[in-house]
Amino acid sequence: MIAVNQTEKRMVMLMLDTLMDKPLQQALKNEHIPAIKYFMEHAEYYPGVVAPFPTMSVNVESTLLTGHYSDRHGVPALVWYKKNENRVINYGTHVFELVKLGLTKSLYDVMYRLNNKHLRKDVKTIHEELQAAGKISASINPLVHRGHTVKEITVPGLMRYFININKTIKTRTSDTFVYGRLSSLSTLKKHSYIWNKYGFNNNFSVQEFSYLIKTNNLPHFSLVYFPDHDKNVHKKGPIDLEGIKEMDKQLQTILESFPTWEEALKNNIWIIIGDNGQARVGKNKQSALVEIRRLLKPLRITKLRKGVRKEDQIVLANNLRSCFVYTLNHEEVPLTEIAEKLKRDDRIDMIAWKSNDWIYVTSGGDGGEFKFKQGNDLKDEYNQSWTIEGEASVLDVKIQGKAVTYGDYPDALQRLYSTLHSHAGNFVVTSVKPGHEFITESSPSHPKGASHGGFHKGDSLIPMIVTGTDCSPDFLRIVDLKNWILNLLIPKERNN
């Protein structure tokens, strides 16, 4: 472990999966959550930071670490189709889907290819930038963690008994690296067994990060991921306070690893942030779950276990409340045909595809249509320029004079532009309204609960709590946080 000058100001970023403003406010008002209240008393609070689309963790983490949307970093979503390999990439929706795709290949995708192949090499991560500036960083349990240091992931024996996979896998990562039990710091085994998801849980993240604090090895920057609340909200719905109360206990453990809570805040910048929101999914399965394969009949759709075959016409990559629909032969099945089939269902709130320089957008039911492209004299609230033609109200985009503002779909134009330029292939991207979720061959579903991946603000806006600095990001989007973080940690003359 590399020693750090403990007199330097350090930054701790705690990413609490599916932390959302409304339930957080309710918990602050009605529940005993002393750690979060303590942070809030000393913090600036930002209730609506915009997450990238699709709102899935690997895309969020890639955007945070690189400071770019997916058109630049190259990790489109949790599930996507890689054209040059003619296969579906799935970093972990459900074990049934991974088994059908080939479990060994899927595990290599998430353990190795995600960071070392799929995340584009021409963009630098926070870890890489800090390492180049002589700073030490830590990654504790995020799936995306690329840095300049090469470390080994050790695959547990029980996994290797059932799966043909190497015992160790080398990956590029931060100086200090935790990847569940597969790469840990302390010798403690608690919270790391197979029934604990081999350490990919909140308690293990807290255990390993607290070890850094107690051994006086807190790096200049630490990104600590708390995954557990996601499954609580999937099951119980957006207003789940039990998960927030449990996370507060875990934050108390972290604060108590310092001599005092005051000492914890005194010399450190703390950022507590969600990764995506979740929208409620209705109780009635028939109306809440949108079977996209049925909408696309009679087109021939790839079956996961068989892989992409010559006779197939369509590949689906389902990301819960959004879905990529790929045509394998654009002349035989044009994107406009796919869009027309999807438009028949009024549960769909967005259907988009690109053609030449333009991006076309429509919605299910009797919605209108518009198109847009980059450039010209219309400017949005993020200082981005656009040309827009047609009924932009489809996505609640308002134009007043030369000013573009967003309503239910934050940063709608740039997020769609990036998604449709994120990877090779001819595809439509689509999402469903709140209350609904896409289902495909073996995808998980969450009736009576909640889900994410969609384009709506319910999926896309997350809260952020910041202590230890009066400086704020240029814009309240995850894509803007990297530059803000580096400006706080690296002298400006070195951060060019």
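A residue is called buried here when its relative accessible area is under 20%. In this predicted model, phenylalanine 258 and tryptophan 270 are both buried by that cut-off. Theirs is an edge-to-face pair, at 6.0 Å centre to centre with 70 degrees between the planes. It ties together distant parts of the chain: phenylalanine 258 sits in the loop between helix 11 (242-255) and helix 12 (261-266), while tryptophan 270 is in strand 10 (residues 268-273), 12 residues apart.

Other rings turn up in a group or next to a charge. Tyr81, Phe324, Tyr326 and Phe427 make up one aromatic cluster. Tryptophan 358, for its part, has lysine 371 lying over its face, at 4.4 Å from the ring centre.

On to helix packing. Helix 10 (residues 229-236) and helix 11 have axes that come within 9 Å and cross at roughly 165 degrees. Angles over 145 degrees count as roughly antiparallel, so that is the label for helix 10 and helix 11. Their crossing is right-handed. On the helix 10 side, His229, Asn232 and Lys236 take part, and they meet Glu242, Gly243, Ile244 and Met247 of helix 11.

The backbone has a few spots worth a look, starting with cis peptide bonds. One runs from phenylalanine 53 to proline 54, with omega near -10 degrees, and proline 54 falls in the loop between strand 2 (43-50) and helix 3 (57-66). Another cis bond joins lysine 297 to proline 298, this time with omega at about 5 degrees. Proline 298 is likewise a loop residue, placed between helix 14 (292-295) and strand 13 (314-319).

Asparagine 383 has a phi of about 65 degrees, positive although the residue is not a glycine, and its place is the loop between strand 17 and strand 18 (385-390). Aspartate 411, also not a glycine, has a positive phi of about 45 degrees. That aspartate 411 is found in the loop between strand 20 (403-406) and helix 16 (412-420), and it counts as buried because its relative accessibility is 0%.

Beyond its neighbours within four places in sequence, serine 363 is in contact with Lys343, Ile348, Asp349, Met350, Ile351, Gly368 and Val394.

Notes:
Residues are numbered from 1 along each chain as its sequence is written. This is a predicted model: local features need pLDDT of at least 70, side-chain atom pairs count only at pLDDT 80 or more; totals for chains, interfaces and linings use all residues. Side-chain values use heavy atoms; hydrogens and water are left out. Contact means heavy atoms within 4.5 Å. Rings of Phe, Tyr and Trp (its six-membered ring) pair if their centres lie within 6.5 Å; planes under 30 degrees apart count as stacked, over 60 as edge-to-face and the rest as tilted. Helices (H or I, at least four residues) and strands (E, at least two) are DSSP runs, numbered from the N terminus. Buried means under 20% relative accessible area, exposed over 50%, partly exposed in between (1.4 Å probe, protein chains only). A charge sits over a ring if NZ of Lys or CZ of Arg is within 6 Å of the ring centre and within 35 degrees of the ring normal. Axes are lines fitted to C-alpha atoms, for helices over the stretch in contact, and angles run from 0 to 180 degrees between N-to-C directions. Angles under 35 degrees count as roughly parallel, over 145 as roughly antiparallel, 65 to 115 as roughly perpendicular and the rest as oblique. A crossing is left-handed if the near helix is turned anticlockwise from the far one by less than a right angle, and right-handed if clockwise.
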